[in-house]
Amino acid sequence: MNDTLLIALYAFAGAAATGLAGAGALRLIRRRSLTASLAVVAAVGVVAMLAGTLAVAWAMFLSAHDLSVVTTVVAMAAVVSLATALLLGRWVVARSRALAVAARSFGDGGAFAAPEGPATAELESLSRELAATSARLAESRERERALETSRRELVAWISHDLRTPLAGLRAMSEALEDGVAADPDRYLKQMRTEVERLNDMVGDLFELSRIHAGTLPLAPTRVSLYDLVGDALAGADPLARQHGVRLVGGRVEPVPVEVDGKEMSRVLGNLLVNAIRRTPADGTVAIAAERSAEGVVLSVTDACGGIPEEDLPRVFDTGWRGTHARTPPAGAGLGLAIVRGIVEAHQGRATVRNIPGGCRFEVVLPAAASL
């Protein structure tokens, strides 16, 4: 038993010394190629076995011939192990370099395509992750391009919409200043109307900037949809009468929701104003509120004749108007973008779809927790 223990100690001492030397070598070459690291690992294993074997052989006082045989066998094993490690390392490094080149392609704006050929499980997993990252990056680039296009259009449209009333205000103020206004009271009333429109436009821009910045302040309270819809109908009724449009508030369930009453009133007001302006005289705009499996659904249905299918995905984009006419009644194209921003801030979603004779805007909100 003592001899066995002594042999084990000699073998451990020889292998441990080699292992420590190998650890030091790995630390020194940690920034070098994977091939070198694999060669060191293989060498440590073989040399550790050789050192342990030689230590035991010397302790057992083997003959010179026996010691030479043992040393030769272990040395040959070391040569084969090192050669195998170098070949494996070169293959792995080549695969890693091919993967790096492929990764660089999608970093430069292209799409990632994994190199062909077999790979280790780790490199295969890395390829899958890079492919997924490439797909997400492509989607992000597409969203960024769409957002940039939307911003450029918004700047162009807002510049036009601001320039028109400002030019009118300037002309009317000059007429009043020069005393050539035939009806000063009418001019003053028109100036007030233009100033209010400019104020509304600036307010919409400020609201939209807070939504995009994620700083829209919300103060959710428990309210009834019946009250929200009633207030929205009362606020939109004068505009509906002016346009000769009938407002209908049927199928409104008194469902409780946890929302910011002021912001949600703005959502309903924007949807109703948009529907009234797009509905011809003698048409009907209907608003409804009811429960669904997804939560609570608020809907506004108009008689606009429908939206072209290719335009449906852009309805809630910033600056979208659905018409090439840039007349003041068309608005700045911010109302529906604000609707989507406020609804999404409430963890809901806003959608639109065509129905016979018009379209239906739906706002889905989470239902309030039961008391």
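**Cysteines and a helix: a reading lesson**

Modeller: Let's start with the cysteines: searching the whole structure turns up 0 disulfides (cysteine sulfur pairs within 2.5 Å). Cys304 is in none, and its nearest cysteine sulfur, that of Cys359, is 3.4 Å away. Keep in mind that this is a predicted model, where local features need pLDDT of at least 70, side-chain atom pairs count only at pLDDT 80 or more, and totals for chains, interfaces and linings use all residues. Residues are numbered from 1 along each chain as its sequence is written, and side-chain values use heavy atoms, leaving out hydrogens and water.

Colleague: Is Cys359 buried or exposed?

Modeller: Go by relative accessible area with a 1.4 Å probe, protein chains only: buried is under 20%, exposed over 50%, partly exposed in between. Cys359 is buried at 1%, while Cys304 is partly exposed at 26%.

Colleague: Which residues of helix H6 are buried?

Modeller: Helices are DSSP runs (H or I, at least four residues), numbered from the N terminus. An α-helix has 3.6 residues a turn, so residues three or four places apart point the same way. In H6 (residues 225-243), the buried residues include Leu225, Leu228, Val229, Ala232 and Ala236.

Colleague: Where does H6 bend?

Modeller: Compare axes fitted to the seven residues ending at a residue and the seven starting there; the angle between them is the bend. H6 bends by about 40° at Asp237, with Pro238 following within four residues.

Definitions and conventions. Helices (H or I, at least four residues) and strands (E, at least two) are DSSP runs, numbered from the N terminus. The expected span of a helix is 1.5 Å times one less than its number of residues.
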